[in-house]
Amino acid sequence: MSNQIEFVCFSPEKRLANAINIFVITTLFYFFGASLRLIDELSLFWPLNAVLAAVFVRNPFLNRPVYYFLCYSAMVIYDAFTTHWGWQSAIINLSNMVFIIIVALLLLRYSRDENENNWAINAFKIFYFCLIGAVLSSLLGSLGSLGPSSDYRQFLPLFADWFSEQFSTGVLMMPFLLMAKWPQWGKMPAFHFSKLYPLLGVIISVIASVVIGGAGSLAFPLPALIWCAIRYPLPITALITLLTGGMEIVLVANSIVVIHHSQPLVVNEMFSARLGIATMAICPLIVSVSVDAINRLIKQTSLRADYDYLTGVHSRSGLYEALKITAPLMHKPGQKLCVMLLDIDYFKRINDNYGHECGDVVLRAFAAQLRKAVGEEGLVARLGGEEFVVACSTNSEDEGYQIAEKIRQSIELTAFRYQQQTLFITVSIGLASTTPEKQTLLDAFNALLAEADKYLYLSKRNGRNQVSTSLINQEDIAASI
């Protein structure tokens, strides 16, 4: 979870700091939720349970009885100073801990079986886990709220209100809390006003809910939220969904969005509104998860097509794409395009003597050494077998030859390790270059590749472990080796 927002600095080694931070977070969010109390002991919006569940999920080492007890103690202590609930506080706050622990443990158990990039953003799993946690928590909380002298016919309305409060808050908050990341400002794309259209659509739809009213008005933001899911990254969609859902709950509770004109808001209608908003919030998240999965699949497919699976350098098709898209941005007018065709000398002997696994190890190490020798000066690709190609822009033909010689000498001096064996290899190189004028870099590359192949054959015929090119005659090249 790199770059993810951490609530505070937790560390497995700093137990005292962890305890203090847990206590402070619990107290702060308990105060925030208590300030929104709407009906007796219940709050309009209760963020504490979702926040603490996310803290325990994102810091698995905190899932110990001592930290659970600290959360519970902070809740009970806060109530002791601010309410007159007495023993009811113990039961009500225990119900909060039931939601926190169940949701955190279910998510952590699920995360061990799923890819890190998928489990935290799986909207269906979060939906189901919040549902389970809310049901069990609400059973205990509603019983604790009744008291010994209460009419037990009030249990179902209390349970409905407890459940809707816990469930809606969890579903709205957990996706954002689990996947939130610090923005990487250096990698952010250029801003265009058109990117704000989905967000403006959400704002306009919420305003329409206020103006028109009625139960159906709660669904007005849904199309705009789905638009956000398609256009924005998943964490941003989760944040917009959270803010929209929370705003609708506040508007309904304060009768700004009127869902029943003949009487003031009652608990049953609050139950319906919360569940409807929470269920609606799942839709854009599901769409966003699906879009994210499709984008990942496209990226993986592109990587497999553009890069050689064994060595990690460009494939032939990937090199062609780079020559069409990336290389023109780096190539300056008047520069030479140099193409080097490389072939590992006597590579078949390595496979015959040590096996194909050793051959694969050598190919990977050779490609890594080749990338290191070329650096940022060119593109490296594997054409097949032990044959590689380098394309680079240089200021002169001599500079291209010097790069080729640097590669050849680097390979010759490198010891390649396989198990207990130390292998030394050499490489033959054919070099061709030209100054593209009316040609594209790709067209110039294709023409140079055929010419470089002829010089590669010349290097092999003349004894291998050398660079052949039209720049100087072969006797001078042989004398310089």
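Helices, of at least four residues, and strands, of at least two, are DSSP runs numbered from the N terminus. On that basis, Asn465 sits in the loop that links α17 (441–461) to β9 (467–468). The structure described here is a predicted model.

The protein chain contains 18 helices and nine strands. Of its 481 residues, 48% are buried. The accessible surface amounts to about 23900 Å². Carbon and sulfur atoms supply 61% of that area. Among contacts in the chain with a separation of 6 or more, 72% join residues 24 or more positions apart.

The mean pLDDT is 82, and 85% of the residues reach 70 or more. Among the elements, strand β8 (residues 427–434) has the highest mean pLDDT, at 93. Helix α18 (residues 474–480) has the lowest, at 47. Residues 1–5 have pLDDT below 50. Beyond near neighbours in sequence, that stretch has 18 contacts in the model. Residues 473–481 also stay under 50. For them the model has 15 contacts beyond four places in sequence.

Five strands form an open sheet in the order β4-β5-β3-β8-β9. The pairing is mixed. Strands β4 (378–384) and β9 are the edges, and each pairs on one side only. Strand β3 (residues 336–344) runs antiparallel to β8, and eight bridges join the two. Within this pair, Leu342 of the sheet stands opposite Ile429 in β8. Helix α15 (residues 356–374) packs on the sheet. Helix α15 touches β3, β4, β5 (387–394) and β8. Its direction makes about 5° with that of β5. Helix α16 (residues 397–413) lies across β3, β5, β8 and β9. Helix α16 runs at about 165° to β8.

Two helices were examined for length and burial. Helix α3 (residues 65–82) has 18 residues. From first C-alpha to last, α3 reaches 26 Å, close to the 26 Å expected at 1.5 Å a residue. Its buried residues include Tyr67, Tyr68, Leu70, Cys71 and Ser73. Ala74, Met75, Tyr78 and Asp79 of α3 are buried too. Helix α17 has 21 residues and reaches 30 Å, close to the 30 Å expected at 1.5 Å a residue. Buried positions in α17 include Leu441, Leu442, Ala444, Phe445, Leu448 and Leu449. Ala452, Tyr455, Leu456, Leu458 and Ser459 are also among them. An α-helix has 3.6 residues a turn, so residues three or four places apart point the same way.

Gly463, just after the helix, takes a positive phi of about 120°. Asn465 has a phi near 50°, a positive value in a residue other than glycine. Asn465 counts as buried because its relative accessibility is 15%, and buried means under 20%. Gln419 likewise has a phi near 50°, positive although the residue is not glycine. Gln419 is in the loop between β6 (415–418) and β7 (421–424). Gln419 counts as exposed because its relative accessibility is 58%, and exposed means over 50%.

Two further buried residues touch each other. Trp46 is placed in the loop between β2 (42–43) and α2 (48–58). With 6% relative accessibility, Trp46 counts as buried. Leaving aside neighbours within four places in sequence, Trp46 is in contact with Tyr30, Gly33, Ala34, Asn96, Glu165, Gln166 and Thr169. Phe31 is 15 residues from Trp46 in sequence, and their C-alpha atoms are 10.0 Å apart. Gln166 lies in helix α7 (residues 155–179). With 3% relative accessibility, Gln166 counts as buried. Not counting residues up to four places away in sequence, Gln166 touches Trp46, Asn49, Asn96, Phe99, Ala134, Ser137 and Ser138.

Methods. Residues numbered from 1 in each chain as written. Predicted model: local features only at pLDDT ≥ 70, side-chain atom pairs only at ≥ 80, totals over all residues. Heavy atoms only, no water. Buried < 20%, exposed > 50% of the residue type's maximum accessible area, 1.4 Å probe, protein only. Expected span 1.5 Å × (residues − 1). pLDDT = per-residue confidence, 0-100. Contact = heavy atoms within 4.5 Å. Pairing = 2+ DSSP bridges. Axes fitted to C-alpha atoms, helices over the stretch in contact; angles between N-to-C directions. Areas by Shrake-Rupley, 256 points an atom, 1.4 Å probe, with all protein chains shown as cover.
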